[in-house]
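Trainee: Could you take me through how the strands pair up here?
Mentor: Gladly; let's look at the model together.
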Amino acid sequence: TSYLTVTLTPDPKCKLDLTSMSVDTQTSPTGPANAAVATSADKFVTTTKFVPGNGVSNVTMSVSAATGAVEVRVFGYASIDPGGTMRIQNTFTLSGALK
C-alpha cells in the first residue's frame, strides 16, 4: 500500500515515451525482498520487477506516445516484517523522449 510516485506531464503539443528507469534502493534487514515499477499508462496492470537493495537497478519501461500525465510508481513487497523499509537513495532516473 506504500509506494513512491512521480507524475510526468508532457506539453500539450508533445507525446511522451518512457523507456527505462534507473533506481538505487536500500532495504532494512526485514524490508522488501522484491520491488517493482508500474505506470498509469496501462492503469498499473503491467509491473516490471527488480531486486531491491543491490545497488542501481535498470528497469525497462514501455510507455509510448502518452499525451497526458503519466504516473510512475515504485514499490516494494514481500517484507519479512510489516515494519521493514525500502528507500530510494542517490539515483532515480527516468529515460525516454518527448516527441
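Mentor: Two strands pair if DSSP finds at least two bridges between them. Strands are DSSP runs (E, at least two residues), numbered from the N terminus. This is a predicted model, where local features need pLDDT of at least 70, side-chain atom pairs count only at pLDDT 80 or more, and totals for chains, interfaces and linings use all residues. Residues are numbered from 1 along each chain as its sequence is written, and side-chain values use heavy atoms, leaving out hydrogens and water.

Trainee: What makes β5 and β7 edge strands?
Mentor: The open sheet has the order β5-β2-β7, with antiparallel pairing. β5 (55-66) and β7 (86-98) each have a single partner strand, so one side of each lacks a neighbour in the sheet. Neighbouring strands here are turned by 15° against each other on average, direction ignored.

Trainee: Which strands make up the other sheet, and in what order?
Mentor: That one is also open and antiparallel, with 4 strands in the order β1-β6-β3-β4. β1 (4-8) and β4 (47-50) are its edge strands, each pairing on one side only.

Trainee: Why do β1 and β6 count as a pair?
Mentor: Because 5 bridges join β1 to β6 (residues 70-79), and at least two are needed. They run antiparallel, and Thr 5 has Arg 73 in β6 as its bridge partner.

Conventions. Axes are lines fitted to C-alpha atoms, for helices over the stretch in contact, and angles run from 0 to 180 degrees between N-to-C directions.
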